[in-house]
Structures are given as C-alpha cells and as structure tokens.
Amino acid sequence: MRVILLGPPGAGKGTQAAGIVEKYSIPHISTGDIFRKNIKEGTALGTKAKDYMNKGLLVPDELVVEIVKDRLQEDDCKNGFLLDGFPRTVNQAEALNDSLGEMNVSLDKVINVDVDKEILIERAVGRRICKECGATFHVKFNPSKEEGICDQCAEKLYQRADDTEETVSKRIEVYLNQTQPLIDYYQDRNILVTIDGQQEIKKVFDEIVVALGA
Ligand code: AP5
Ligand code: MG
Ligand code: ZN
C-alpha cells in the first residue's frame, strides 16, 4: 500500500497516520517529523530547515526531495509507505513520480483530509505532543487523561514552536498557495479521495480505511 496523506496544517494527518501505519504495517514518513528530529539533534539539515519552519514557510524543495528519495530506498518501504506532509509542491510531486518510476512502483491512493480554515488554527494551537513517543493530543478535542502528560508513556507533552496563531495562519496561507494545487494534480490522475476531516477522529479513520479498500 503506497499512500499520501494530503491536507492543511492541523487537518489531522499525523493523528490518522498513527492508525493507518499500524493497520497496514507500513512505515510513516513525515517530512515535518524528520526536520524536527534534525533540529533537536542539531544537524546541518536541522539548522537549514529551522528558520523556514519557524516562519511557517516551506523548506526548499531541494532539501526535502533528496531526503524522501533516500528514505524510500530503505528496506521497510518495500511493501509500501505512508507519506505525511510530502509532497507539498507540484515540483515535489513530479520528483516523487520520477523516483517511484525508477523503483517500478506506483501510488495507490492520495487521501485528502479536508477541514475548514477556521477550525485549523484552534486545532494547531491546542495541540500537545509527547516528547518521547510523539503521540498527539489536543487540550479540548483529544485531551490526555492527565494534563500535560502522555497517556502512552507518561512523559511530558510539549507544544510545537510553529503552533502559534500567527505562524499557523502563515502555514495555512502557504498551504493554499503551494500545496492545494496538488488536489487537482492527483484528481487528474484518478487516485485522489477526499475525506471530511471535521468528523470525530475515529469516524475519519473508518472512512480512510474504506477509501483504501481494505
Ligand atoms: P508538518 O509537520 O508536516 O506540519 P503540517 O503539514 O503543517 O501539519 P501538522 O503536523 O501541523 O498537522 P496534522 O495534519 O498532522 O494534524 P494533527 O494530526 O497533528 O510540517 C511542518 C513544517 O515542516 C512545514 O511548515 C514546513 O516548514 C516543513 N515541511 C514539512 N514537510 C515539508 C515539505 N514536504 N516541503 C517543504 N517543507 C516541509 O492534528 C492537529 C490537532 O488536531 C491535534 O491536536 C489533534 O489531536 C487534533 N485533531 C486531529 N484530528 C481531529 C479531529 N478529527 N477532530 C478534532 N481534533 C482533531
Ligand atoms: Mg503532522
Ligand atoms: Zn508518549
């Protein structure tokens, strides 16, 4: 199963990815997570990506594409993968096509998680993430049992540096200009399915499973 999760910031891509990769036993490839890990570890890539991310801008294509190409060559991608947050520009989508072509494989589905702009800011600003295991919560919509503490591993929850109201607004604007064109791009290739992301988390998941046909 080779799948892309498409959708604006705060749509629920990461939340849904957790369930999908478990159900289909495929790796979760989130370019945002890869950059955050590099920032935390202080690598050269992290240093380059940090300024763009904190401003809510996209990291330049040339930095992103090579990382994903390399990641797709790894053994665990042989039976499929879930891309979350990549591609984000038509240029990235073309590069992905080239890579998959070289590997003699093709995409099965692009799941477009659709959420109104007004809701996205509240979702992102209220998001809390576990420092240790990456589990995602929301202070109102998906609270942890104990405030500030992860349900799964009891570690502390944190807020992403780019989850301020101002930066989220910028990220939404960037999404509309640079990433939303991918909806038509994949629609034209007949692999796009749009899911209403404003339903309960479980309901969204069930509809994704139906769309994936398994
Ligand atoms: P990235 O980390 O990918 O961020 P994003 O696309 O902005 O998306 P988010 O992670 O904010 O949202 P999500 O859809 O995963 O939502 P979540 O499930 O957490 O990218 C960050 C940055 O990295 C970019 O801005 C860019 O700078 C750079 N970058 C990454 N990839 C790049 C690329 N390919 N090219 C260039 N630059 C790149 O949910 C959000 C909240 O809502 C949570 O609190 C959750 O609990 C809650 N929630 C989820 N579902 C529901 C629901 N159904 N109902 C109610 N609440 C819900
Ligand atoms: Mg995410
Ligand atoms: Zn945890």
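Student: What does the side chain of S144 reach at 3.3 Å?
Tutor: The backbone oxygen of I149. Keep in mind that this is a predicted model.

Student: Which backbone oxygen does it reach at 2.8 Å?
Tutor: That of E146.

Student: Where is S144 found?
Tutor: In the loop between β6 (136–138) and β7 (157–158).

Student: Is S144 buried or exposed?
Tutor: Buried. Its relative accessible area is 12%, and the cut-off for buried is under 20%.

Student: What does S144 touch, leaving out residues up to four places away in sequence?
Tutor: F137, I149, D151 and L157.

Student: New topic. Which residues of the largest nonpolar core touch the most other members?
Tutor: L72, F81, L83, L96, L107 and Y186, out of 30 residues in that core.

Student: Where does the largest share come from?
Tutor: From α4, with five residues.

Student: Back to F81. What does it touch, again not counting residues up to four places away in sequence?
Tutor: M1, R2, V3, I26, P27, I29, L72, L100 and L107. Of these, L72 and L107 are also on the list of core residues that touch the most other members.

Student: How many residues are in the second core?
Tutor: 23, in a separate core. Its members include L5, L82, F205 and I208.

Notes:
Residues numbered from 1 in each chain as written. Chains lettered and ligands numbered in written order. Predicted model: local features only at pLDDT ≥ 70, side-chain atom pairs only at ≥ 80, totals over all residues. Heavy atoms only, no water. Helix = DSSP H or I, 4+ residues; strand = E, 2+ residues; numbered from the N terminus. Buried < 20%, exposed > 50% of the residue type's maximum accessible area, 1.4 Å probe, protein only. Polar contact = N/O pair within 3.5 Å; in protein donor to acceptor, adjacent residues only side chain to side chain. Contact = heavy atoms within 4.5 Å. Core = buried A, V, L, I, M, F, W, Y, C linked by side-chain atoms within 4.5 Å.
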